[in-house]
Amino acid sequence: MADLSVNFCGIKSPNPFWLASAPPTDKAYNVERAFRAGWGGVVWKTLGEEGPPVVNVSGPRYGVVHGPDRRVSAFNNIELITDRPLEVNLQEITEMKRRWPDRAIVVSLMVPCEEEAWKRILPRVEATGADGIELNFGCPHGMSERGMGAAVGQVPEYVEMVTRWCKTHSRMPVIVKLTPNITDVRKPAEAAKRGGADAVSLINTINSIVGVDLDLMIPRPHTDRKATHGGMCGPAVKPIALNMVAEIARSPATHGVPISGIGGIETWRDAAEFMALGAGTVQVCTAAMVYGFKIVQEMITGLEAFMDERGYSKVSDFVGAAVPNVTDWQYLNLNYAVKAHIDQDLCIKCGRCHVACEDTSHQAITHLKDGVRHFEVIDEECVGCNLCASICPIENCITMVPLMDEVDRRTGRLVDGSCLNWTQHPNNPQVAKKPLEPLEPAE
Amino acid sequence: MSSAPDIRGGRLPSGDYCNAFSDLHAPLDAHEARVAAERCLFCYDAPCVTACPTSIDIPLFIRQIATGNATGAGKTILDSNIFGGMCARVCPTETLCEQACVRNEAEGKPVIIGQLQRHATDAIMASGRQLYKHGAPNGRRIAVVGAGPAGLSCAHKLATLGYDVVVFDKRQKAGGLNEHGIASYKSTNNFAQAEVDWILSIGGIELRCDQALGHDFTLADLRRDFDAVFLGLGLQAANSLGIDAGELRGIEDAVAFIEALRQSADLSKLPIGRRVVVIGGGMTAVDAAVQAKKLGAEEVTIVYRRGAEQMGASRYEQELALTGGVVVRHWARPVAVHGESGVLRSVIFAATAERDGRLVDTGETFELQADQLFKAIGQLFVPQVLEGSSEVLDLDRGRIAVDADRRTSLPDVWAGGDCVAGGRDLTVVAVEDGKQAALSIDRTLQGFVPMAAE
């Protein structure tokens with residue numbers, strides 16, 4: 001049986017599934033239930049500095065994007081950091097760590113951007129026995145307007161500075177949580193590394209308005225007839241998060257920095273994808289808020305089965321395994337070619353592949369054959385774009401078949417397995433100017 | 001007939017009638033409709049549309065339901081089929097749109113198009129909104145004979161195009177078989193009349209009831225007084241069993257029984273036998289049998305001369321009969337009836353079989369006790385209604401011959417619905433006939449010159 005335990009920048013947990021800093025980890029009651037359900041760790045909901053706690057709205061805090069059958073595609077929220085007194089949280093963290101010594105408890109922190117403020121809170125957190133801290137540089141609403149959260153995370157110099165303060169004033173591992181509301185996520189990641197961060201976690205929520213109430217003409221959710229943007233999370237953000245994780249994992253400047261992957265993880269498969277792109281642990285919130293804590297049991301057993309099937313005995317056997325296969329567009333092989341192929345036995349003849357290709361792409365799929373509905377790829381027109389396979393309602397009905405040692409009937413070019421990328425391509429004006437240099441840079 | 005001792009009303013406790021004849025399907029609520037609608041794949045050149053005789057844009061109306069626009073969905077339906085509400089209730093969808101649904105290939109279960117259609121058309125009816133209006137009057141007058149689905153579909157389309165239409169019907173009420181010939185549990189809450197009222201409310205249509213062709217007026221009268229005539233006459237007579245029943249009470253037409261039931265103000269007063277036999281294998285047989293059972297008959301048996309596969313009633317309808325407690329016996333035909341004191345007592349059947357493609361008696365017989373027998377073996381078009389015309393309408397296999405435009409052999413007379421040859425005796429086909437005839441009448445009267453053959 002595969003061993004799911006992880007040691008993430010010195011923080012140990014029996015499995016890589018952590019609950020992200022969010023409502024599910026706001027207090028001992030929830031965390032107790034989470035650990036009983038099997039979660040390997042929690043990142044405690046963000047603590048602020050001593051004093052009167054923040055005040056949340058007493059109206060709706062969540063907006064939602066529904067898919068078919070009211071499946072939740074995404075949430076956004078306008079909740080702030082914990083609105084409970086600091087001391088209460090610290091006591092409960094202490095108690096939980098004592099009761100669950102084998103689980104990871106990481107404490108999320110957000111205090112003003114002053115060294116003294118961090119200096120005051122760090123020893124008190126350390127005293128709880130928590131395994132590490134996560135710096136909340138991502139919260140996009142409410143706190144950012146007060147110079148915290150994303151306001152720090154969007155300025156790499158501040159990220160570096162605060163990280164350094166934390167490393168200076170604490171022995172605990174420091175995880176820097178990154179905001180996606182930025183042009184190039186590698187910059188704050190590099191800053192965190194320079195500041196001495198032990199790891200980064202990403203992504204925090206994305207600035208968003210999930211929809212508009214067309215009766216009231218107010219975006220959702222609204223509080224007393226006004227609305228504000230919130231932070232978006234859930235399955236819809238996963239592709240954005242995967243890309244950002246991969247960018248950090250493959251960037252020479254940050255390669256090797258431990259990553260805790262966050263963003264739309266609902267199943268073991270989602271988790272495994274983040275891990276393949278370099279995440280040593282994953283953090284979950286939305287899926288738990290939709291289905292409850294029990295989903296971790298599916299995740300644990302699913303990941304175990306996956307690892308057993310593939311012969312991975314420990315998590316680190318496949319963490320980052322897909323990173324070498326992520327590259328820049330210019331290094332993709334332009335000599336490679338595929339053609340769509342429709343399995344006529346599986347085809348239910350809905351015709352969507354035809355109309356998608358006909359209306360919006362390359363007119364490469366038939367509609368009729370001898371007067372009868374019949375959907376077949378026209379190799380002379382097919383560019384291999386994958387649109388038909390992507391929108392086909394039947395799994396594996398349309399597959400993309402690579403050409404090998406045969407002529408591409410669209411281009412008339414022999415596909416022989418040779419490689420030619422854009423940096424080498426004769427159509428590239430820069431190649432024409434100076435005969436090329438590099439192949440893909442070494443990792 | 002009610003004097004026969006075992007044929008009487010009040011077989012159910014009085015409070016039970018309402019329940020027994022309640023809606024066959026509870027209407028979908030908004031959530032159910034949305035979940036069902038989301039199964040639609042929005043097919044290109046969708047097979048369900050091809051399968052619909054009125055070519056309703058089914059993927060579009062279902063997508064409109066899925067996006068919370070049920071009234072828009074209703075309009076999409078009614079634009080193609082003004083009787084979309086009734087068709088949602090009575091269409092054999094399992095042999096039309098739902099049979100063609102590609103979800104059958106994927107999961108063996110189609111999108112429930114019929115129920116979704118009802119959801120959308122009910123939304124229109126509930127809104128009380130009228131979607132259509134009498135077109136700018138063009139001064140032309142059209143006569144429509146028969147206020148059933150074919151006639152009213154034709155009249156409605158013509159009215160929207162600016163014609164003044166007079167609709168004649170021999171019955172007291174408009175609606176044709178929608179009102180008189182369909183099981184009441186398929187059209188509850190007086191839906192058929194509400195739908196007719198809604199259709200007629202656009203203006204430009206004058207309804208004249210109690211006016212029978214061949215009795216109160218002739219086709220020649222109409223041809224003289226109107227610019228064009230549409231005949232949606234339906235069928236007038238039931239086929240004969242071909243056995244000598246003498247004067248026995250208790251032998252009735254299923255169609256007449258259903259009509260009496262539909263028009264009954266108090267079902268507890270409607271007489272029904274204790275042991276009922278229905279002869280036939282179509283929708284009418286099932287409608288009569290199931291309703292006889294619902295009225296409290298103890299034993300109801302459908303007897304059909306061939307097998308289940310050959311029955312005109314769809315598989316779904318056959319199951320409806322079986323789950324409703326009706327016994328279905330295949331491969332037998334009635335050969336004699338027995339009575340006592342002028343009252344039916346039993347029916348003698350000969351067992352049948354198919355040999356070399358022909359139906360033959362096997363030589364075995366059996367007897368079913370019965371105090372009421374309903375004939376549901378099809379209806380006939382009676383051409384005598386057309387008498388009195390100076391010219392003669394061509395018939396084809398006993399019904400009115402029409403071309404693809406529903407034009408008869410007379411240049412100013414169109415026809416549609418059950419009275420024309422080659423139809424499928426379905427409401428939805430009648431609606432399409434009326435619509436196509438209206439469009440053809442308009443093309444003809446507006447001097448539209450057809451393009452050279454394409």
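This is a predicted model: local features need pLDDT of at least 70, side-chain atom pairs count only at pLDDT 80 or more; totals for chains, interfaces and linings use all residues.
Figure 1

**Figure 2. Overall dimensions of chain B.** The C-alpha trace spans about 65 × 60 × 50 Å along its principal axes. What radius of gyration does chain B have, and how does that sit with a compact globule of 454 residues? The value is 23 Å; it agrees with the globule rule, because a compact globule with 454 residues would come near 22 Å.

**Figure 3. Domains 1 and 3 of chain B.** Chain B is divided into three parts: domain 1 (7–20 + 238–378), domain 2 (38–127) and domain 3 (141–236 + 381–445). Domains 1 and 3 are each written as two segments. Over C-alpha atoms, the centres of domain 1 and domain 3 of chain B are separated by 30 Å. Where these two domains of chain B touch, 13 residues of domain 1 are in contact with 13 residues of domain 3.

**Figure 4. Surface and charges of chain B.** The accessible surface comes to about 19400 Å². Carbon and sulfur atoms hold 48% of that area. Chain B carries 45 positive and 57 negative side chains. How far apart do the centres of the two sets lie? The separation is 2 Å.

**Figure 5. The fold of chain A.** Chain A has 13 helices and 24 strands. Of its 443 residues, 52% count as buried. Among chain A contacts with a separation of 6 or more, 69% come from residues 24 or more positions apart.

**Figure 6. Overall dimensions of chain A.** Taken along the principal axes, the C-alpha atoms fill a box of roughly 75 × 55 × 45 Å. The radius of gyration of chain A is 25 Å. This agrees with the globule rule, because 443 residues in a compact globule would give a value near 22 Å.

**Figure 7. The two domains of chain A.** Domain 1 of chain A covers 6–325, and domain 2 covers 329–433. What distance separates the centres of domain 1 and domain 2 of chain A? Taken over C-alpha atoms, the centres are 40 Å apart.

Definitions and conventions
Residues are numbered from 1 along each chain as its sequence is written. Chains are lettered from A and ligands numbered from 1 in the order in which they are written. Side-chain values use heavy atoms; hydrogens and water are left out. Helices (H or I, at least four residues) and strands (E, at least two) are DSSP runs, numbered from the N terminus. The radius of gyration is taken over C-alpha atoms; the globule rule is 2.2 Å times the number of residues to the power 0.38. Buried means under 20% relative accessible area, exposed over 50%, partly exposed in between (1.4 Å probe, protein chains only). Contact means heavy atoms within 4.5 Å. Domain bounds come from an automatic or database domain assignment. Accessible areas come from the Shrake-Rupley method with a 1.4 Å probe; for residues, only the protein chains shown count as cover. Lys and Arg count as positive and Asp and Glu as negative; His and the chain ends are not counted. The place of a charge is taken as NZ of Lys, CZ of Arg, CG of Asp or CD of Glu.
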